[in-house]
Amino acid sequence: MSRSAIGYIALLAFGLAAPFFIYPVLVMKVLCFALFACAFNLLLGYTGLLSFGHAVFLGTAGYVTGHALKVWELPTLVGLLAGAGAAAVLGWVIGSLAIRRQGIYFAMVTLALAQMMFFFFLQASFTGGEDGLQGIPRGTLFGIDLADDMNLYYLVLAIFAASFWLIQRVIHSPFGQILKAIRENEPRAISLGYDVAKYKLLAFVLSAGLAGLAGATKALVFKFATLSDAHWHTSGEVVLMTLLGGMGTVFGPLVGASVIVTLQNELADKVGSLVTVIMGAIFVVCVLAFRRGIVGESLALYRRMIGQKP
Amino acid sequence: MSEIFGIPIQAFMGQLMLGLVNGSFYAMLSLGLAVIFGMLNIINFAHGALYMVGAFMAWLGLTYLDIGYWQALLLAPLCVGVFGVLIERTMLQWLYKLDHLYGLLLTFGLALVLEGLFINIFGVSGQPYSIPDELSGAFNLGFMFLPKYRAWVIVSSLGVCFATWYVIEKTQLGAYLRAATENPKLTQAFGINVPLMVMLTYGFGAALAGFAGVLAAPAIQVSPLMGSNLIIVVFAVVVIGGMGSILGSILTGIGLGVIEGLTKVFWPEASATVVFIIMAIVLMIRPAGLFGRET
């Protein structure tokens, strides 16, 4: 059995046991943001596209799922899929506009379009404006009552594990290799005959859909969908999680999301609004001294220790 | 003539003027972004925060040190500029060889730090800053009243914008600057101190944001959130105009401000999103931006 397989099994075992010694809602929050960050990493880490408006997919899916479950009273599973689907469709629209520009402009376009959707959500009636959408029923799945946190936990874990597996499959597939080729040298990928725009768009839609699944799950966990999920602050948070964990690494986003969510949870009632300052400071330190992130730096250190050239 | 397109001319002209005022801010900020991007290859996300710091400097000066508006108009940009130089020396200068995105991420972090600090000290509610006596009141133009302060904002910001354009395009210093933007290594080989120019460029861009902040202080309330709300619109302005041309960013800024103001008259619900919608349309028709030249 390979080392990475042991790693996966250990991680899964930890995931299965976690709710017995950690507050399940906190672990679920970590898993939602970890999925969000993994989806984002597919774009930033493996395709080299910095989307600065990814929160819009998290927020949109939350609203759609909430609306589907609360107003249309659809089954939970359908609601989750509707949320992810809506985010993927929105991802197709935003993605096809944004890929018309490269590099830093791409980041600005995604940020601006996400802000546009934010204003739309602020004014639209189905979102409940600043109050958000509250009292979303969790419903049942195959006869299991999801109102119970423990039951819901294992659903959230299953969603995360399945998505994580899917992302790994994508990264190691021929499609994923082409994405990496685009990241490393776009003109070369074009000259090899790849329709780069099509691959970028597909990666964007996939990432948006998975970010949407994270948002839909989050709405189910907290039973509400709020405007702050679609705010650019949240877009910044997912960038920070990926950067801190290590962009372009498999486990980086998971580590980054765990650290940031735990940190926010611990600090929120101690330092109040200084949390933003701390998040900003982590950003600055990461960019200046720590660009490979926790996982990336640990891997580099490990390789140095066993005497391998990085 | 008291109506135009079924709107009372007073309200129409009022919104037009407000649009011009907003457009002046867009122009000054996108100009600063373009100048900084040209020299440093960094998109300065902290630009909105520096604008906010400029406004707060003016407010703090007036509240605690009894420094009036006119002195603040000079001192606050100077302080923000020095602050910018410090940021460049301590942080940004290590990023020039890296991918552009790290500059964006670092300045984003800085913006969070600044915004968070000011929220922590002053809260999120706005602080009023009164219009200086010389500029209070309004001109009676016969068909409308033009508040003096709005006229002053438009005139002074256009003055600053065109002075910047003149320095960059028509003077010796500007020629060095353009040379350093085009080919830093070669320019340095001719004995021009490029790192110094890069540092001063960032300082100047920051000072421009600070100046816009002081101008904005009496026009809107001084609040820690005033910068981040603005900067995203300015990003859209930059995408629409492209950063290749100085005059282009000034014209785009003012034009979009006016369009936004007029949207407020005819379709108020869309006024917050109209700039983004125009950006989407421009991306579809002319992806490089109106004045853009993209490689």
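Me: How many helices and strands does chain B have?
Reply: This is a predicted model, so the counts describe a prediction. The secondary structure of chain B comes to eleven helices and four strands.

Me: What radius of gyration does chain B have, against that of a compact globule?
Reply: Chain B has 295 residues, and a compact globule of that length would come out near 19 Å. The C-alpha trace spans about 65 × 50 × 35 Å along its principal axes. The radius agrees with the globule rule: chain B has 19 Å.

Me: What share of the contacts in chain B between residues at least 6 apart in sequence join residues at least 24 apart?
Reply: Burial first: 50% of the 295 residues of chain B count as buried. Now the contacts between residues at least 6 apart in sequence. The share that joins residues at least 24 apart is 75%.

Me: Is Leu29(B) buried or exposed?
Reply: Leu29(B) is found in helix α1 of chain B. The cut-off for burial is 20 or more other C-beta atoms within 10 Å. Leu29(B) has 30, so the residue is buried.

Me: What separates the C-alpha atoms of Leu29(B) and His47(B)?
Reply: Beyond its neighbours within four places in sequence, Leu29(B) is in contact with residues including His47(B), Tyr51(B) and Ala209(B). Leu230(B) and Val234(B) are also among them. Leu29(B) and His47(B) are 18 residues apart along the chain, and their C-alpha atoms are separated by 7.4 Å.

Me: Where does Asn41(B) lie, and is this residue buried, partly exposed or exposed?
Reply: Asn41(B) has a positive phi of about 60 degrees although it is not a glycine. The residue lies in the loop between α1 (9-40) and α2 (47-64) of chain B. With 19 other C-beta atoms within 10 Å, Asn41(B) is partly exposed.

Me: Which class of exposure does Glu73(A) have?
Reply: Glu73(A) sits in the loop between α3 (55-70) and α4 (76-98) of chain A. Its phi is near 55 degrees, a positive value in a residue other than glycine. Glu73(A) has 10, so the residue is exposed.

Me: At what angle do α4(A) and α9(A) pack?
Reply: Helix α9 covers residues 196-222 of chain A, and its axis is 7 Å from that of α4(A). The crossing is right-handed. The residues of this contact divide into 15 nonpolar, eight polar and no charged. Among those that meet are Trp92(A) in α4(A) and Phe204(A) in α9(A). The packing angle is about 145 degrees.

Me: How far apart are the end C-alpha atoms of α5(A)?
Reply: Helix α5 runs over residues 103-123 of chain A, and 16 of its 21 residues are buried, so it is largely enclosed by the rest of the structure. At 1.5 Å a residue, α5(A) should span 30 Å. The value in the model agrees: 31 Å.

Me: Which helix gives the most to the side of chain A that touches chain B?
Reply: The contact takes 33 residues from chain A and 32 residues from chain B. On the side of chain A, α5, α10 (232-245) and α12 (274-289) each supply at least two residues. By class, that side has 24 nonpolar, seven polar and two charged residues. The most, 14 residues, comes from α5(A).

Methods:
Residues are numbered from 1 along each chain as its sequence is written. Chains are lettered from A and ligands numbered from 1 in the order in which they are written. This is a predicted model: local features need pLDDT of at least 70, side-chain atom pairs count only at pLDDT 80 or more; totals for chains, interfaces and linings use all residues. The expected span of a helix is 1.5 Å times one less than its number of residues. A residue is buried if 20 or more other C-beta atoms lie within 10 Å of its own, exposed if 12 or fewer, and partly exposed in between; C-beta atoms are placed from the backbone. The radius of gyration is taken over C-alpha atoms; the globule rule is 2.2 Å times the number of residues to the power 0.38. Two residues are in contact if their C-beta atoms, placed from the backbone, lie within 7 Å. Axes are lines fitted to C-alpha atoms, for helices over the stretch in contact, and angles run from 0 to 180 degrees between N-to-C directions. A crossing is left-handed if the near helix is turned anticlockwise from the far one by less than a right angle, and right-handed if clockwise. Ala, Val, Leu, Ile, Met, Phe, Trp, Tyr, Cys and Pro count as nonpolar, Asp, Glu, Lys and Arg as charged, and the others, Gly among them, as polar.
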